[in-house]
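Let's take a friendly walk through a protein and look at how charged side chains pair up. Have the sequence and the 3D view ready, and follow along as we go.

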Amino acid sequence: MMHENLSLRLWARNQCTHITRLPIPTSAITKIHRDLLLTVAFGPPGRLDDDKASSQKRVLPFFSTFPFCHDPLVLWQVFQVTLRFLPSECIVRRTEKGEDVRTIVYQHLSDDGDHFPGVLQCFLVLLNQLGPECWKGLEQFPLPVLDRIKDNPSFLSLIAAPIDQERQFRYLSWFEKYLTSVFEMPSILNEALPRIAQFMIGDLQHTRFANATPRVMTAFCAILSNLEGKRTSDSAFTTSLADTITIHAKDIVNVAFGTRQERTTMDRGL
């Protein structure tokens with residue numbers, strides 16, 4: 001799927017649709033699978049890794065003559081498929097040089113370009129497959145990752161775009177999965193929840209995002225329901241959740257029961 005020839009890429013993608021058992025069992029992982037992951041992440045021209053000095057070193061011998069595609073849209077689509085195929089043990093394992101494929105995704109979540117949806121989908125794959133292990137050994141990343149996405153013009157454009165409901169839900173679903181992944185990290189959770197609430201109930205209620213308002217509210221209510229259903233002895237989180245609901249209760253009611261004209265007036269501060 002990384003070949004420069006479009007016909008070959010389409011053929012390869014079609015072959016992948018016939019595979020029903022994902023991810024590949026750990027017992028079936030071989031060196032060629034690990035080499036492929038490293039090559040996709042760190043090696044090909046137009047690679048995902050930005051370190052030009054290491055680029056040539058990471059094109060392993062098996063792939064040294066392979067005619068890679070240079071299009072970042074294609075490379076991120078391939079990386080997404082590659083992550084789906086590999087078990088979590090393979091994804092979180094660092095290379096002998098200390099390279100971590102998770103950080104490739106995290107660092108590119110601020111990319112502003114047509115390939116951003118592919119980066120976001122890779123992040124969703126990591127959240128789904130790794131859960132809390134997304135941050136194992138990378139405890140400094142959760143809050144910067146949150147800010148990189150919500151402040152990214154490409155992400156805001158995705159939410160504002162007149163796309164179908166299923167795609168909008170997909171682009172919003174990472175919030176709940178993200179909070180679940182940091183649930184056992186109290187200091188991160190207690191800071192992330194208010195940021196997400198302000199973003200979804202505040203920033204995304206602007207008229208620019210009027211088309212997405214129902215999906216945003218549904219996604220936010222799902223977050224609250226999910227968090228309320230979790231038991232925790234952390235009094236700080238309980239307080240943070242209660243404060244979040246109290247602070248934004250009026251806005252939730254206004255959006256839920258107000259007309260579009262009323263929401264427009266509220267957005268303008270009239």
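Is Lys150 buried or exposed? Keep in mind, while you look, that this is a predicted model. Lys150 has a relative accessible area of 13%, and because the cut-off for buried is under 20%, Lys150 counts as buried.

Now find the partner of this lysine. The side chain of Lys150 meets that of Asp147 in a salt bridge, with 3.6 Å from N to O. Both residues sit in helix H8, which spans residues 142–150, and because they are 3 residues apart there, about one helical turn separates them. Asp147 has a relative accessibility of 23%, so it counts as partly exposed.

Asp147 has another partner to show you. Its side chain also forms a salt bridge with Arg195, this time at 2.7 Å from N to O. Arg195 belongs to helix H12 (residues 186–202) while Asp147 belongs to helix H8, so this pair ties together parts that lie 48 residues apart in sequence. With a relative accessible area of 25%, Arg195 is partly exposed.

Let's step back and see how these contacts join up. Asp147, Lys150 and Arg195 are linked with Asp151 and Glu191 in a network of salt bridges.

How many salt bridges does the structure hold? The total is 5. One of them is formed by Asp100 and Arg102, whose closest N and O atoms are 2.6 Å apart. Turn the model to find this pair, and you will see that Asp100 and Arg102 are both buried.

Conventions. Residues are numbered from 1 along each chain as its sequence is written. This is a predicted model: local features need pLDDT of at least 70, side-chain atom pairs count only at pLDDT 80 or more; totals for chains, interfaces and linings use all residues. Side-chain values use heavy atoms; hydrogens and water are left out. A salt bridge is a side-chain nitrogen of Lys or Arg within 4 Å of a carboxyl oxygen of Asp or Glu. Buried means under 20% relative accessible area, exposed over 50%, partly exposed in between (1.4 Å probe, protein chains only). Helices (H or I, at least four residues) and strands (E, at least two) are DSSP runs, numbered from the N terminus.
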